[in-house]
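Work through the exercises below with the structure open. Try each task before reading its solution.

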Amino acid sequence: MLTVNRYKCCYCGACVGVCPTCALELVETFIEVSADCKECGICTKICPVGALEVKA
Amino acid sequence: MSMKCDVVVVGAGPGGSMAAKAAAQAGLRVALLEKRQEVGDPVRCAEGVGKRVLSQMVKPEPEWIAAEVKGARIYAPDGTSIVMSEDKGGAEVGYVLERKVFDRGLAMEAARAGAHVMVKTRAIGLLKKDGAPCGVSAMRIGEPLEIEAPIVIGADGVESKVGRWAGIDTTLKLKDIETCAQFLVTDTRVDDQYCEFFLGNSIAPGGYVWSFPKGEKLANVGLGILGSRSKPGEATRLLGEFMRSHFPNGKVLEMVVGGDPCAGPIESATADGVMLVGDAARQTDPLTGGGILTAMQAGMIAGEVAAKAISSGDVSREGLKEYEDRWRSDIGKGLARSYEFKEFFVKLTDEDLNQLIGSLKREDIAKMDLRGMLRVLFRLNPRLLWELRHLVV
């Protein structure tokens with residue numbers, strides 16, 4: 001599953017813009033992941049601070 | 001809870017605020033939604049804008065401006081540099097803004113024109129009637145709120161959800177986003193006079209490093225790298241490396257990160273009852289990453305077109321076509337040209353970059369505009385730039 005390290009996340013929303021299934025949402029200061037997430041990992045690559053990770 | 005208005009604008013950045021202001025000035029009832037508690041904060045921007053275009057749209061208040069610069073200095077990977085003067089240096093230098101104050105100032109102008117500004121109010125979907133959007137459903141301070149409006153203007157930034165809810169595919173490919181990190185740095189090494197740009201595949205693959213001065217020995221030092229050449233946390237890691245080599249004694253007062261679209265003009269920025277402006281419509285300049293002024297321009301057009309569509313009663317995609325036509329002719333052509341330059345630029349090796357910038361060293365480019373400079377570059381490096389010949393003439 002896709003995990004968001006809330007202690008690293010700077011809530012910029014870059015991940016939201018690249019998500020192919022529109023599964024991410026930036027709510028002020030945190031990222032919400034919906035059930036639409038396909039764990040493709042695209043968002044993890046562009047996270048400027050490395051807060052996103054797909055874990056088995 | 002529910003309310004009704006003529007236009008609901010999602011996002012109170014520069015694009016959204018200009019759209020709300022223009023629509024309110026034309027007599028419409030406007031709701032301007034900002035999901036954050038504070039307009040303008042946190043910043044996701046390097047804050048550089050061109051003076052002339054900004055002043056054509058608004059009267060710049062002194063407190064919006066952190067610094068004025070003389071021009072831009074561009075460094076090749078080997079350290080060679082060239083200087084462009086401010087008035088010719090393109091749209092991205094001139095003023096370095098204080099976005100927190102600037103964004104709030106523009107939202108205030110919208111409010112004073114009559115727009116109803118609502119903070120901590122997040123759009124979570126479109127209301128639909130017979131399949132066509134007719135407003136937004138929102139969360140306001142944690143409580144559901146429905147806002148009925150014939151027109152929704154999506155100015156919701158890089159996230160761009162309004163567009164996707166309306167069926168416009170705004171999803172960015174990794175090669176069409178720059179992932180960015182920036183520090184607000186105080187250091188005696190800061191150049192207070194010039195916006196500086198540092199090129200090189202090892203310091204910023206597929207992007208560049210910038211240092212934009214913000215007053216006495218203070219600067220936004222940041223970088224953007226191409227998404228397709230990024231890996232988790234890479235932008236922040238590379239910025240740390242740049243700091244160690246260029247500002248080893250720099251003190252960091254603020255950290256900023258963000259994603260910057262560099263996609264070029266999207267196929268459609270309109271749907272029935274919906275217009276997209278700014279980053280949400282990917283109207284950022286793909287080469288420079290600058291998007292403040294284009295968002296403001298598009299926002300003004302969208303606000304005006306909203307008023308016409310409301311009075312004519314046709315808010316269908318066809319009825320909003322004037323917005324599509326006008327943003328494409330005002331800013332779309334420039335974005336398309338910049339996209340071609342960007343696609344070429346990201347392929348250049350450090351040797352290519354050294355050759356290009358080195359070739360200008362002996363030319364008097366201080367008074368040239370970007371176009372003139374490109375013509376000189378092409379004359380001096382025809383083989384390297386052959387692909388771009390159609391853009392140079």
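**Exercise 1. How many residue pairs are in polar contact between chain B and chain A?**

Solution. Step 1: the count between chain B and chain A is 16 residue pairs, both at pLDDT 80 or more. A polar contact is a pair of N or O atoms within 3.5 Å; within protein, one must be able to donate a hydrogen and the other to accept it, and residues adjacent in sequence count only if both atoms are side-chain atoms.

Step 2: find the elements. Strand 10 (121-129), helix 4 (161-165), strand 14 (177-186), helix 5 (234-246) and strand 18 (251-261) of chain B give two or more residues each to the side that touches chain A. Helices (H or I, at least four residues) and strands (E, at least two) are DSSP runs, numbered from the N terminus.

Step 3: strand 18 of chain B supplies the largest share of that side, four residues.

The model is predicted: local features need pLDDT of at least 70, side-chain atom pairs count only at pLDDT 80 or more, and totals for chains, interfaces and linings use all residues. Residues are numbered from 1 along each chain as its sequence is written, chains are lettered from A and ligands numbered from 1 in the order in which they are written, and side-chain values use heavy atoms, with hydrogens and water left out.

**Exercise 2. Which side chains of chain B and chain A meet in a salt bridge at 2.6 Å, N to O?**

Solution. Step 1: apply the rule, a side-chain nitrogen of Lys or Arg within 4 Å of a carboxyl oxygen of Asp or Glu. Across the interface it finds three salt bridges.

Step 2: one pair is B:Arg122 with A:Glu25.

**Exercise 3. What area do chain B and chain A bury between them?**

Solution. Step 1: the two chains bury about 2,200 Å², 59% of it on carbon and sulfur atoms. Buried area is the accessible area (1.4 Å probe) that two parts lose on being put together, summed over both.

Step 2: in chain B, the residues that lose the most area to chain A are B:Arg122, B:Lys161 and B:Leu174, together 23% of what that side buries.

**Exercise 4. What is the strand order of the open sheet of six strands in chain B?**

Solution. Step 1: the order is 9-3-2-13-20-19, with mixed pairing. Two strands pair if DSSP finds at least two bridges between them.

Step 2: strand 9 (116-118) and strand 19 (270-271) of chain B are at the edges with a single partner strand each, so one side of each has no neighbour in the sheet.

Step 3: strand 13 (residues 151-154) and strand 20 (residues 274-276) of chain B run parallel, joined by three bridges. B:Gly154 is opposite B:Leu276 in strand 20.
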